[in-house]
Amino acid sequence: MADEELAADRQEEGKGKAGGKLKKILFIVLGVILISGLSVFTTWFMLKDKLSDPVDPDITDIPLGEPTMSADQGEAIYHALQPAFIVNYNTAGKSRYVQVELSVLTRDPTAVEVLIQHNPLIRNNLLEVFAKQDVNELVSAEGKQKLVDDLTLAIQDILVAEIGRPGIETVLFRSFVMQ
């Protein structure tokens, strides 16, 4: 009889261990599902505004600053002086080359017509300005700004003679290569 009771106790104990392991696995699986669900819900809650269709702002809601130029000044017109200028310099027995592509900023359509018509004269005068430059000064920003000022004045002199006004605001570098 004692053997029978011992065998019955072992069977119940084995069922208890198997049931305990099953409960532990069940709690782990339910915990993982619960944590995953909470993670998905939290992500959705945080991003729900970003996931909805964005509303385009009304044009009247966009703040506008003051314009930098008035309507009577006109629209900026850029005119490229083609082809590029290539100038060679001899310094201390070394040959140096400068290749410059220029554009002119104006707001006057008449000035553009004059620039096109007198392109050979303008190119000639600009080459004279390039020839007067010191190649060592062109390396610095101040030297390039002086070159821009000289080129602008050379073109403005021609436009003043032709149409009676400077016609352009400035000369712009599109490319500046020194070798």
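How exposed is Arg 174, in relative accessibility? Arg 174 comes to 40%, so it counts as partly exposed. Keep this residue in mind, since it returns below. The structure you are looking at is a predicted model.

## The chain as a whole

Let's start with the overall layout. The secondary structure consists of 4 helices and 3 strands, and along the sequence they follow the pattern α-β-β-α-α-α-β.

The chain has 179 residues, and 22% of them count as buried. Its accessible surface is about 13300 Å², with 59% of that belonging to carbon and sulfur atoms. Take the contacts between residues at least 6 apart in sequence: 69% of these join residues at least 24 apart.

## A nonpolar patch

Now find Ile 25, Leu 26, Val 29, Leu 30 and Ile 33, which make a nonpolar surface patch of about 480 Å². Ile 33 is part of helix 1, which covers residues 2–51. With a relative accessible area of 53%, Ile 33 is exposed, because the cut-off for exposed is over 50%.

Helix 2 spans residues 109–117, and its buried residues are Ala 111, Val 112, Val 114 and Leu 115. Looking down the helix axis, you would find these buried residues within an arc of 165°, so they line one face of helix 2. They pack against several elements, including strand 1 (77–91), strand 2 (94–106) and helix 4 (141–163).

The face turned away from the buried side carries Glu 113, Ile 116 and Gln 117, which are exposed.

## Charged pairs

Side chains of opposite charge can pair when their charged atoms come close. The structure holds 4 salt bridges. One of them joins Arg 174 to Glu 101, at 2.7 Å from N to O. This pair links distant parts of the chain, with Glu 101 in strand 2 and Arg 174 in strand 3, 73 residues apart. Glu 101 is partly exposed, at 23% relative accessibility.

Another salt bridge is formed by Glu 169 and Arg 107, whose closest N and O atoms are 2.6 Å apart. Glu 169 sits in strand 3 and Arg 107 in the loop between strand 2 and helix 2, so the pair ties together parts 62 residues apart in sequence.

Asp 108 counts as buried at 14% relative accessibility, whereas Arg 165 is partly exposed at 35%.

Definitions and conventions
Residues numbered from 1 in each chain as written. Predicted model: local features only at pLDDT ≥ 70, side-chain atom pairs only at ≥ 80, totals over all residues. Heavy atoms only, no water. Patch = residues over 30% accessible without salt bridge, like charges linked within 9 Å, V, L, I, M, F, W, Y side chains within 5 Å. Areas by Shrake-Rupley, 256 points an atom, 1.4 Å probe, with all protein chains shown as cover. Salt bridge = Lys/Arg side-chain N within 4 Å of Asp/Glu carboxyl O. Helix = DSSP H or I, 4+ residues; strand = E, 2+ residues; numbered from the N terminus. Buried < 20%, exposed > 50% of the residue type's maximum accessible area, 1.4 Å probe, protein only. Arc of directions from axis to C-beta. Contact = heavy atoms within 4.5 Å.
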